[in-house]
Amino acid sequence: MKKQICILGSTGSIGTQALDVIAQHADKYEVYCLTANTRVEMLARQARQFNPAAVVVADESRYQQLKALLADCPDIKVYAGKQALCDIVEAEPIDMVLTAMVGFSGLEPTIHAIKAHKKICLANKETLVVAGELINQLAMAHRAPILPVDSEHSAIFQSIVGEGDNAIEKILLTASGGPFRLLPEEQLAKVTKADALRHPTWDMGAKITIDSATMMNKGFEVIEAKWLFGVEADKIQVLVHPQSIVHSAVQFEDGSVKAQLGIPDMRLPIQYAFSYPDRLPLNGQRLDLFAQPLEFFEPNLRKFRCLQLAFDAINRGGNMPCILNAANEVVNEAFRADRIGFLDMPRIIEETMQCVPFDAAPSLDTYLQTDAEARIKAAQLVANTK
């Protein structure tokens with residue numbers, strides 16, 4: 001039997017690469033459902049190629065357009081709206097849900113998939129950043145396995161496979177350093193959106209590329225690693241590794257270190273999440289260790305303030321990472337719209353963290369309320385920025 005896969009966010013960078021993996025292994029995997037936020041033309045093209053049972057567009061105003069684009073495909077059911085995303089992941093035939101939606105919007109569909117006992121291939125960082133403790137509790141209660149798709153967390157996972165209960169002394173989380181690694185700190189105030197979108201090693205979506213430039217992306221990954229692997233933040237060390245070859249490593253209590261290496265290709269961690277514990281062939285480049293040196297540096301937390309703010313948030317706990325994420329989504333979008341400067345992003349995030357009420361023991365309703373409040377506050381601060 002082919003494994004039935006639902007891709008939340010099939011038109012984004014992770015979603016399109018996942019479809020390439022599925023196409024390479026059509027004997028093992030089949031697309032049950034594809035979803036997108038607004039990009040209905042691309043969603044329709046994907047649906048024609050992979051013939052899923054259903055497609056969902058989150059933006060209800062695009063429903064008629066999508067319906068018309070697939071009018072001659074009566075076997076493909078068309079749905080729209082946020083509730084439809086939550087409903088579709090519960091469909092009985094689905095074996096795996098790849099959560100590749102960007103931002104906080106991925107949280108509720110992921111919760112519904114967990115409650116429906118689906119295997120979660122987690123590419124949506126914000127789910128664990130915002131509600132890591134809740135997600136872990138639900139996954140345990142509903143026996144839903146969560147496999148990481150982020151290249152760094154996949155590397156950590158691959159490094160601990162076979163280690164049983166051997167204690168982790170430290171996680172070594174690698175970061176490319178982004179496009180501004182070598183830029184003098186005083187020049188950051190002048191960088192543009194175009195500068196920030198030129199990532200040196202990875203080809204990613206716009207939002208995550210900006211997060212990489214601020215190093216907020218790495219801060220999120222520290223929070224994710226805490227919840228995925230049960231390791232406190234003070235045992236997670238960020239290493240700037242410009243070549244993006246060592247995707248991360250684990251140090252054990254005997255001092256030995258295991259790492260996963262490979263070229264920067266997201267299809268590998270996507271495929272491993274699908275196929276675990278098996279490894280399957282994958283078309284593409286192979287790593288040449290003679291091609292370049294492998295370098296490692298300490299991150300500059302003063303220069304990249306967002307990384308420090310993420311450590312602050314996880315150390316505070318409660319709903320603080322939720323506040324961090326909501327403010328970051330607002331400032332990231334504002335920077336991409338040329339409404340604020342690069343250094344305004346950490347300033348507004350920090351001010352939002354100081355203003356929004358703290359809750360040490362949040363429920364899902366608390367997270368939803370916190371997210372809304374933090375977005376309003378961050379948007380006000382954006383509007384007041386000269």
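Analyst: Buried means under 20% relative accessible area, exposed over 50%, and partly exposed in between, with a 1.4 Å probe and protein chains only. Helices (H or I, at least four residues) and strands (E, at least two) are DSSP runs numbered from the N terminus. This is a predicted model: local features need pLDDT of at least 70, side-chain atom pairs count only at pLDDT 80 or more, and totals for chains, interfaces and linings use all residues. Residues are numbered from 1 along each chain as its sequence is written, and side-chain values use heavy atoms, with hydrogens and water left out.

User: How many residues of strand E1 are buried?

Analyst: In E1 (residues 3-8), 5 of the 6 residues are buried, so the strand is largely enclosed by the rest of the structure.

User: Which strands pair with E1?

Analyst: Two strands pair if DSSP finds at least two bridges between them. E1 pairs in the parallel sense with E2 (residues 29-36) over 6 bridges, and likewise in the parallel sense with E5 (residues 96-99) over 4 bridges. Leu-8 stands opposite Thr-35 in E2, while Ile-7 faces Leu-98 in E5.

User: Which residues have the most contacts inside the largest nonpolar core?

Analyst: A nonpolar core is a set of buried Ala, Val, Leu, Ile, Met, Phe, Trp, Tyr and Cys residues joined through side-chain atoms within 4.5 Å. The largest has 92 residues, and Leu-98, Phe-274 and Leu-324 have the most contacts inside it. Helix H13 (residues 320-336) gives the most to this core, with 9 residues. A second, separate core of 32 residues includes Ala-58 and Leu-138.
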